[in-house]
Amino acid sequence: MKIDILSDFHIDFYFNPKEKIVDEQIKKLYDPIFKKNNREMGDVLIVAGDIGHYDHQNIKVLKYLKEHYYKYIICILGNHDYYLVDKDSKLQFKDSFARAEDMRVKINNEENLYCLDGNVIEIEGIKFGGCDSWYNDGYLKRKFPNEDFSVKSTNQMWHNCVNDSKFIFGIKNFNDIFEIEKPKIEAIYKNCDVMITHINPSCKDENININFQNNQTNTFFTFEGEEYLKNGSMKYWIFGHTHEELEYEEHNVKCICSPFGYPNESGFGVWVNIRQIEV
């Protein structure tokens, strides 16, 4: 099975959320990417979170991609998929968890579209497990073991440098969602061939882009997943969140981040390279 990998679509940065997206617009953006250099399409597309801020846009684009390019699309959600970014979103949903659930339901109601949430699906003999995951204080504990980072002090850093604290409603602490996601990881990591999360499962500097190593804010881009990498059944672990192409191997698990990114990072799609694996 050939599997294509992307994350961090950020759809509303490419299409005006106040206007209806028509198929021709979607085709114009994505055709040159998915058909670049007459590449062979994968059977499955994995979307490792951060689809976009508006559910109606997200489902429209995902349906188009499945109908025109793929047999199956498997998603998990990212931090931006919890965002309530405007007044209308805040009126529509009681909190960010309600919005995330709405997105999952919309995706899972479509044929051959899946949004994993601590579960495993099997497609043509390959088991895919996934959940949103989240960051924790693993990087701080690993990199700065002699410093005392309280939840209060880490929250302050979180508020200062990450938009999650401004646009995610229903949490108080930087790692509240990690505590929700941890049991989901533990329920599936020993029962899948391909693991999918939004967050990088390694806190080691060598498994972070060299431009960001030794930075305390890496704690908001990683979680301590050493146990899961070491003892899991997966051969591949797919993640997103960081808008840098990244690939490393830990405990014989190939970990891959293949981001789409914002328009200034993707050249409005021109610079996007889809990573493909065969399982």
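Guide: Buried means under 20% relative accessible area, and exposed means over 50%. This is a predicted model. Met-1 has 16% relative accessibility, so Met-1 counts as buried.

Visitor: Where does Met-1 lie in the chain, and which residues does Met-1 touch?

Guide: Met-1 belongs to the segment before β1 (2-6). Leaving aside residues up to four places away in sequence, Met-1 touches Asp-43, Val-44, Ile-123, Glu-124, Ile-126, Phe-128, Ile-277, Glu-278 and Val-279. Sequence distance and spatial distance can also be set side by side: Met-1 and Tyr-236 are 235 residues apart in sequence and 13 Å apart in space, C-alpha to C-alpha.

Visitor: How is a sheet read, and what is the strand order of the open sheet of six strands?

Guide: Strands of a sheet pair through backbone hydrogen bonds, either parallel or antiparallel. Here the order is β5-β6-β7-β8-β10-β9, and the pairing is mixed. β5 (119-123) and β9 (246-250) are the edge strands, each pairing on one side only. From one strand to the next, the twist averages 20 degrees.

Visitor: In what sense do β6 and β7 pair, and is β6 mostly covered or mostly open?

Guide: β6 pairs with strand β7 (residues 194-196) in the parallel sense, over three bridges. Gly-130 has Ile-196 in β7 as its bridge partner. Strand β6 (residues 126-130) is mostly covered, with four of its five residues buried.

Visitor: Turning to helices, what span should α1 have at 1.5 Å a residue?

Guide: Helix α1 (residues 23-34) has twelve residues and should span 16 Å; the end C-alpha atoms of α1 are 15 Å apart, which agrees. Its buried residues are Ile-26, Leu-29, Tyr-30, Asp-31, Ile-33 and Phe-34. The elements covering them include β1, β2 (44-48) and α2.

Visitor: Which residues of α4 are buried, and why do they line one face of the helix?

Guide: In α4 the buried residues are Ser-96, Arg-99, Ala-100, Met-103, Arg-104 and Ile-107. Seen down the axis of α4, they fall within an arc of 140 degrees, so they line one face of the helix. Their cover includes α2 (55-68), β3 (72-76), β4 (113-115) and α7 (164-167). Helix α4 (residues 96-108) reaches 19 Å from its first C-alpha to its last, close to the 18 Å expected. At the start of α4, a side-chain oxygen of Asp-95 comes to within 3.1 Å of the backbone nitrogen of Phe-97.

Visitor: What is the phi of Asn-37 and of Asp-50?

Guide: Most residues other than glycine have a negative phi. Asn-37 has a positive phi of about 55 degrees although it is not a glycine, and Asp-50 has a positive phi near 55 degrees. Asn-37 lies in the loop between α1 and β2 and is exposed, with a relative accessible area of 72%. Asp-50 lies in the loop between β2 and α2 and counts as buried, at 1% relative accessibility.

Conventions. Residues numbered from 1 in each chain as written. Predicted model: local features only at pLDDT ≥ 70, side-chain atom pairs only at ≥ 80, totals over all residues. Heavy atoms only, no water. Helix = DSSP H or I, 4+ residues; strand = E, 2+ residues; numbered from the N terminus. Buried < 20%, exposed > 50% of the residue type's maximum accessible area, 1.4 Å probe, protein only. Contact = heavy atoms within 4.5 Å. Pairing = 2+ DSSP bridges. Axes fitted to C-alpha atoms, helices over the stretch in contact; angles between N-to-C directions. Expected span 1.5 Å × (residues − 1). Arc of directions from axis to C-beta. Polar contact = N/O pair within 3.5 Å; in protein donor to acceptor, adjacent residues only side chain to side chain.
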